[in-house]
Amino acid sequence: MSQEKANEVRSTHLPEHGPLDENGREVLLSLKNVDITFGKGDAAVRAVQNATFDIYKGETFSLVGESGSGKTTVGRAVIRVNPLAGGEILYKGVRISGKIPRALDREVIRNIQMVFQDPAASLNERATVDYIISEGLYNFHLFKDEADRVKKVETMIEEVGLLPEHLTRYPHEFSGGQRQRIGIARAMVMEPELVVADEPISALDVSIRAQVLNLMKKFQEEKGITYLFIAHDLSVVRFISDRIGVIYKGRIVEVAEAEELFNYPLHPYTHSLISAIPIPDPELEKNKVLFTYDPSIHDYSEDKPDFVCIGHNHYVYGNKKEIEQYKAIRDSNIPVKPVKIAGPNDPKTQQNQRREETEANSEEFLIHPTHDTGSIWYKILSFLLPILGLIAAAVFKHFHHTRNQKACFRGAIAGLIVLGVIVILFLLLLVLAVI
């Protein structure tokens with residue numbers, strides 16, 4: 001048998017272990033120069049361009065970027081939903097992209113599972129929870145008998161924090177957090193080695209997010225699962241990731257370990273993402289100066305960019321001039337401060353103060369109680385009874401009835417003036433009569 005045919009036979013099944021890198025770590029998943037295109041001809045859109053990174057066994061690799069940057073597209077390519085226009089994806093050193101043997105395809109499906117972003121849309125509303133979790137077991141015959149299947153499903157539903165009696169219910173009977181737990185149970189019951197988690201907490205309440213993340217972490221510790229975690233919230237990603245890849249408009253611009261990336265965000269786009277993380281202190285957040293990424297700062301007309309390792313297992317996308325600058329910043333070992341807080345004399349701080357004063361004045365001017373109408377009857381009554389009008393104006397002022405207060409005050413003043421004129425005329429007539 002020729003060497004090519006031998007390789008072909010070997011590639012119909014996944015090996016027990018993947019290849020090791022120079023540091024002795026097992027490479028579970030590897031993307032090499034991956035291009036993904038939607039459409040054809042002039043209407044074609046390059047959603048992902050030349051994406052290259054490795055994921056090691058047992059780690060959490062997070063892929064972050066703004067909406068539309070290509071994160072989910074990469075995740076769907078890993079589970080063989082999106083075809084590649086170029087490059088290849090290797091799982092344990094075996095190519096799983098493109099056309100592969102049916103036996104290998106089934107192994108890939110079994111070993112790579114996905115947790116979707118929308119827990120409501122990813123579950124079959126017409127199926128019970130029992131069938132949803134068991135579907136993979138049925139398709140791959142992963143149980144000895146019916147009792148074994150029931151035991152596996154009940155064990156899994158309890159591990160995700162639900163009860164066996166929930167198995168007879170339908171997805172619409174659960175909350176968003178519970179639906180996501182069902183989605184996690186559906187993936188974990190297959191005993192996968194790699195789970196693609198496509199923003200699994202973005203559709204959940206803040207109070208539920210930590211529970212879901214802790215649940216995923218528990219499975220990783222107990223079963224040695226590897227995660228490709230797709231997200232846009234860097235404040236969460238920092239504490240759950242071993243390494244982070246930053247993607248911008250379909251291109252990987254930076255990859256590093258979590259703390260390394262947050263301490264040394266070298267690419268301007270990474271810098272801008274970290275600066276956008278909210279600060280818990282409202283005063284600091286109010287005076288924070290955002291770093292805005294401007295792609296026009298790069299001049300790649302002559303000096304073409306490349307994805308380069310600058311040491312410390314830190315990869316950055318840039319041309320030779322930029323790479324030298326990035327390397328100098330990293331070699332200085334002085335952490336980069338992505339967030340700047342404006343001082344008291346800073347134009348931003350003064351602008352914020354002026355805006356607050358304007359808003360306060362506007363609110364004071366616009367806020368009126370329901371019955372603060374300034375009716376003309378207040379003016380008439382205060383005109384006829386000016387003393388009572390002044391007392392009413394003082395009462396209205398105390399209760400912030402500004403319009404009523406002004407109406408009473410003006411009516412009372414007008415009444416006092418008229419009354420004064422009448423008194424003066426009466427006195428003059430009296431003097432003339434005496435004379």
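## Close-up views of a predicted model

**Figure 1. Side chains on strand β6.** Along strand β6 (residues 112-115), Ile-112 and Met-114 point one way, Gln-113 and Val-115 point the other way, and all are buried. Here, buried means under 20% relative accessible area, exposed means over 50%, and partly exposed is in between, worked out with a 1.4 Å probe on protein chains only. Strands (E, at least two residues) and helices (H or I, at least four) are DSSP runs, numbered from the N terminus. This is a predicted model, so local features need pLDDT of at least 70 and side-chain atom pairs count only at pLDDT 80 or more, while totals for chains, interfaces and linings use all residues. Residues are numbered from 1 along each chain as its sequence is written, and side-chain values use heavy atoms, with hydrogens and water left out. Now look across to strand β7 (residues 194-198): four bridges join β7 to β6, and the two run parallel. Ile-112 sits opposite Leu-194 in β7, and Gln-113 faces Val-195 there.

**Figure 2. The eight-stranded sheet.** Zoom out from β6 and you'll find an open sheet of eight strands, in the order β6-β7-β8-β3-β9-β10-β13-β12, with mixed pairing. Two strands count as paired if DSSP finds at least two bridges between them. β6 and β12 are the edge strands with a single partner each, so one side of each has no neighbour in the sheet. From one strand to the next, the twist averages 20°. Helix α2 packs on this sheet, touching β3 (60-64), β6, β7, β8 and β9, and its direction makes about 150° with that of β8. α7 packs on the sheet too, touching β3, β7 and β8, at about 155° to the direction of β8. For these angles, axes are lines fitted to C-alpha atoms (for helices, over the stretch in contact), and values run from 0 to 180 degrees between N-to-C directions. Contact means heavy atoms within 4.5 Å.

**Figure 3. The four-stranded sheet.** Here four strands form an open, antiparallel sheet in the order β2-β1-β4-β5. Its edge strands are β2 (45-56) and β5 (94-95), each pairing on one side only. Eight bridges join β2 to β1 (residues 27-38), and Phe-38 stands opposite Val-45 in β2. Helix α2 (residues 71-78) packs on this sheet, touching β1, β2 and β4 (86-91), with its direction at about 115° to that of β1. While you're on strand β2, find Asn-50. This residue isn't a glycine, yet its phi is positive, near 55°. Asn-50 has 36% relative accessibility, so it counts as partly exposed.

Figure 4. The largest nonpolar core has 55 residues, and Ile-133, Val-160, Ile-184, Met-188 and Phe-219 touch the most other members. A nonpolar core is a set of buried Ala, Val, Leu, Ile, Met, Phe, Trp, Tyr and Cys residues joined through side-chain atoms within 4.5 Å. Leaving out residues up to four places away in sequence, Val-160 touches Arg-181, Ile-184, Ala-185, Leu-215 and Phe-219. There's also a second, separate core of 32 residues, which includes Val-74, Ile-100, Ile-112 and Ile-230.

**Figure 5. Helix α10 under cover.** Eight of the eight residues of α10 (residues 268-275) are buried, so this helix is largely enclosed by the rest of the structure. The buried residues are Pro-268, Tyr-269, Thr-270, His-271, Ser-272, Leu-273, Ile-274 and Ser-275. Their cover includes α8 (234-240), β9 (243-248), β10 (251-257), α9 (258-263), β11 (288-289) and α12 (320-331).

**Figure 6. The loop between β12 and β13.** Gly-311 is in the loop between β12 (306-309) and β13 (315-318). Its relative accessible area is 24%, so Gly-311 is partly exposed. Asn-313 is found in that loop as well; it has a positive phi of about 55° despite not being a glycine. The C-alpha atoms of Gly-311 and Phe-399 are separated by 68 Å, with the two residues 88 residues apart along the chain.
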